Amino acid sequence: MKRLVMLCLVLIPLVSPAVCRAEDLSLGLGYPYLSLKYDFQALAVEGRFVTGSGVQAYTGRGYWNFHQSDKLKGFAGLEG
């Protein structure tokens, strides 16, 4: 069952790229995590679910976007 869920999470963004990015809301998939991030003008918040080796953890992140240009975004953040 766990493999089926992971396979679905990997295939959904490939089939429907709009799921991954909708303006300021983004979905992140990685091994072994799933994250949801929302960008405000100068701040961003992210919630992350991490699993592996029978351990599950929920974390939150906050970002401060102190520089933004066409090709570069400078930011600093905290994780808890």
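# Notebook: rings, charges and one threonine

I searched the whole structure for aromatic pairs and found 4. The model I am working from is predicted.

**Entry: tyrosine 63 and phenylalanine 75**

I looked up one of the aromatic pairs, tyrosine 63 with phenylalanine 75. Next I checked where each ring sits in the chain. Tyrosine 63 is in strand 5 and phenylalanine 75 is in strand 6, so this pair ties together parts 12 residues apart in sequence.

Is tyrosine 63 buried or exposed? I noted a relative accessibility of 11% for tyrosine 63. The cut-off for buried is under 20%, so tyrosine 63 counts as buried. Phenylalanine 75 is partly exposed, and its relative accessible area is 46%.

**Entry: tryptophan 64 and phenylalanine 66**

I then turned to another aromatic pair, tryptophan 64 with phenylalanine 66. Here the rings are tilted, at 45 degrees between the planes. I wrote down 5.3 Å from centre to centre. Tryptophan 64 counts as partly exposed at 49% relative accessibility. Phenylalanine 66 is partly exposed as well, with 47%. The limit for exposed is over 50%, so 49% leaves tryptophan 64 in the partly exposed class.

**Entry: charges over rings**

I went back to phenylalanine 75 and looked at what lies over its ring. The charged end of lysine 37 sits there, 6.0 Å from the ring centre. I also found the charged end of arginine 48 over the ring of tyrosine 33. That distance to the ring centre is 4.0 Å.

**Entry: salt bridges**

How many salt bridges does the whole structure hold? My search gave 4. I kept one general point in mind: side chains of opposite charge can pair when their charged atoms come close.

I looked up aspartate 39 and lysine 73, whose side chains meet in a salt bridge at 3.5 Å, N to O. Which strands does this pair link? Aspartate 39 is in strand 3 (residues 33-39), and lysine 73 is in strand 6 (residues 73-79). The pair links distant parts of the chain, 34 residues apart. Aspartate 39 has 11% relative accessibility, so I filed aspartate 39 as buried. Lysine 73 is partly exposed, at 34%.

I found another salt bridge between the side chains of arginine 61 and glutamate 79, at 3.4 Å, N to O. Arginine 61 lies in strand 5 (residues 55-68) and glutamate 79 in strand 6. The two are 18 residues apart, and the pair links distant parts of the chain. Arginine 61 counts as partly exposed at 22%. Glutamate 79 is exposed, with a relative accessible area of 52%.

Which residues are linked in a network of salt bridges? I listed Glu46, Arg48, Arg61 and Glu79.

**Entry: threonine 51**

Last, I looked up threonine 51. Threonine 51 is in strand 4, which covers residues 43-52. At 15% relative accessibility, threonine 51 counts as buried. What does its side chain reach? The side chain of threonine 51 reaches the backbone oxygen of valine 55, at 3.4 Å.

Terms used. Residues numbered from 1 in each chain as written. Predicted model: local features only at pLDDT ≥ 70, side-chain atom pairs only at ≥ 80, totals over all residues. Heavy atoms only, no water. Helix = DSSP H or I, 4+ residues; strand = E, 2+ residues; numbered from the N terminus. Buried < 20%, exposed > 50% of the residue type's maximum accessible area, 1.4 Å probe, protein only. Polar contact = N/O pair within 3.5 Å; in protein donor to acceptor, adjacent residues only side chain to side chain. Phe/Tyr/Trp six-rings, centres within 6.5 Å; stacked < 30°, edge-to-face > 60°. Lys NZ or Arg CZ within 6 Å of the ring centre and 35° of its normal.
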